[in-house]
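Here are some brief notes on helix packing and charge pairs. Please read them with the structure open.

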Amino acid sequence: MSPVEIGFLSVLAIVALIYLGVYIPIALASVSFVTIWIVSDRPILAVNFLRQAIGDSVTEYEFATIPLFTFMGLLVSKAGLGTDVYEVMNQVFRRIRGGIGMATVGANAVFAAVTGSSIASASVFTRVSVPEMLRLEYNKRFAVGVVAGSSVLGMIIPPSAMLIIYSFVAEVSVGDMFIAGILPGIMLALAYIVAIAVMARFWPNAVGGRIEDTKPEELLGWGEVFSKSAPILILILIVLGGIYTGWLTPVEAGAAGSLAALVIALIRRRMSSGSFWEALLETGHITASILFLITTASLYSRMLGFVDLPNELQSFLTGHELSFLWIMVAYVILMLFLGTLLDTASIILIVVPLFIDIIEPMGLSLIWFGIITVIGAEIGLLTPPLGISCFVIKATLDDDRITLKDVFLGALPFAGVMLVILAILIRFPDISTILLN
């Protein structure tokens, strides 16, 4: 077989191994190492490729964003800021049909701006939002679906772990990726709110719920609203404001945000020595796993270049004279298909190195391509059989009245909204990069 054929089989082997449950970095590293060995017939070359991949990953300065933003997100979660912002949003939307769903979306969008984790968002808002919606007689599928749908905002609105992973794979600026994610994230959140309003107007049974009369004394006062919203707004201003103005690099913004989150948690008396140590340990575990991912992804990218698979794919597409539109349609379909089998990180690590050499010569922005990739891959969080957010919601809720099928069906409309936003961003790429100009 030719090197290209061996490379193609190696990609299929990686997908199969991950689907069978092999740890992603192990699948990437083992198959890539063996492929380089087979094609070159020189084991020392495979060892050198691995050594270079490890060295390049460890010495990247911007890798420090991962432990810093992870630590900040854990501190924010332990400080209970997610519950606070939900209470404020709930008061804003309380008189609107489907208002709790809208409040959940708004709270998720704000919470995402300081955590960057879909899993954390799904866990937090399953506990605070779903029971409240069920109490007010909302449709159970809508209740869990809106939490699942809005949880993906954690991977799009910066700081996002997936944006960081993409930036390492595509070798683009983490700060640019963060800034580019702001408008698409806000667009998606607004689109969810509009979708909920439309569903409540035309399909009221699908939403359900009732508007509860609230006594004036039960409402949050302006002082309470300020005390509950100010901490998270301060963090957003420090992190995103610092990066956007250029006053802080992404690493510095992560450090400043972590310090501010720690101070907030201490002031609110939500941080003990035990919980602080737990946050440090969890940060270490997450950082180590992502470093392993990035290192093996680097080896995988080098393997693809060695067997010349990206250039072969580019020649194939050029030979069939496919337009930009059809290339993007094929790319999105591929991501949607892989989303039914693999998690978001796996999709980014496998697909981006294959397509990046096609996108760049076309004069398209790799920053824009990153936003398209993350949103397309994130749809997989809502689709069976591997919709991770849906599984997290079901496990966190632990309510026999709601099945996993209910969660997936409830999330389906929000996956459709994501597809619409994805199509808009493909048609109008300047939306993703306008803040960078």
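1. This is a predicted model. Helices H1 and H16 run roughly antiparallel to each other. The axes of H1 (residues 3-19) and H16 (residues 273-307) cross at roughly 155°, and angles over 145 degrees count as roughly antiparallel. The two axes come within 8 Å.

2. Who makes this contact? H1 contributes Pro 3, Val 4, Gly 7, Ser 10, Val 11 and Ile 14. H16 contributes Tyr 300, Met 303, Leu 304 and Val 307. Eight of the contact residues are nonpolar, two are polar and none is charged.

3. The structure holds seven salt bridges. One of them pairs Lys 78 with Glu 278, at 3.6 Å from N to O. Lys 78 sits in helix H4 (residues 65-78) and Glu 278 in helix H16, 200 residues apart. Lys 78 is partly exposed at 27% relative accessibility. Glu 278 is also partly exposed, at 47%.

4. Asp 84 and Lys 228 form a salt bridge, with their closest N and O atoms 3.4 Å apart. Asp 84 belongs to helix H5 (residues 81-92), Lys 228 to helix H14 (residues 222-245), and 144 residues separate them. Asp 84 is buried at 5% relative accessible area. Lys 228 is buried too, at 16%.

5. Asp 406 bridges to Arg 141, with closest N and O atoms 2.7 Å apart. Asp 406 lies in helix H22 (residues 404-427) and Arg 141 in helix H9 (residues 140-151), so the pair ties together parts 265 residues apart in sequence. Asp 406 is buried at 4% relative accessibility, whereas Arg 141 is partly exposed at 33%.

6. Shared partners matter for one group: salt bridges join Asp 84, Glu 87, Lys 228 and Arg 268 into one network.

Conventions. Residues are numbered from 1 along each chain as its sequence is written. This is a predicted model: local features need pLDDT of at least 70, side-chain atom pairs count only at pLDDT 80 or more; totals for chains, interfaces and linings use all residues. Side-chain values use heavy atoms; hydrogens and water are left out. Axes are lines fitted to C-alpha atoms, for helices over the stretch in contact, and angles run from 0 to 180 degrees between N-to-C directions. Helices (H or I, at least four residues) and strands (E, at least two) are DSSP runs, numbered from the N terminus. Angles under 35 degrees count as roughly parallel, over 145 as roughly antiparallel, 65 to 115 as roughly perpendicular and the rest as oblique. Contact means heavy atoms within 4.5 Å. Ala, Val, Leu, Ile, Met, Phe, Trp, Tyr, Cys and Pro count as nonpolar, Asp, Glu, Lys and Arg as charged, and the others, Gly among them, as polar. A salt bridge is a side-chain nitrogen of Lys or Arg within 4 Å of a carboxyl oxygen of Asp or Glu. Buried means under 20% relative accessible area, exposed over 50%, partly exposed in between (1.4 Å probe, protein chains only).
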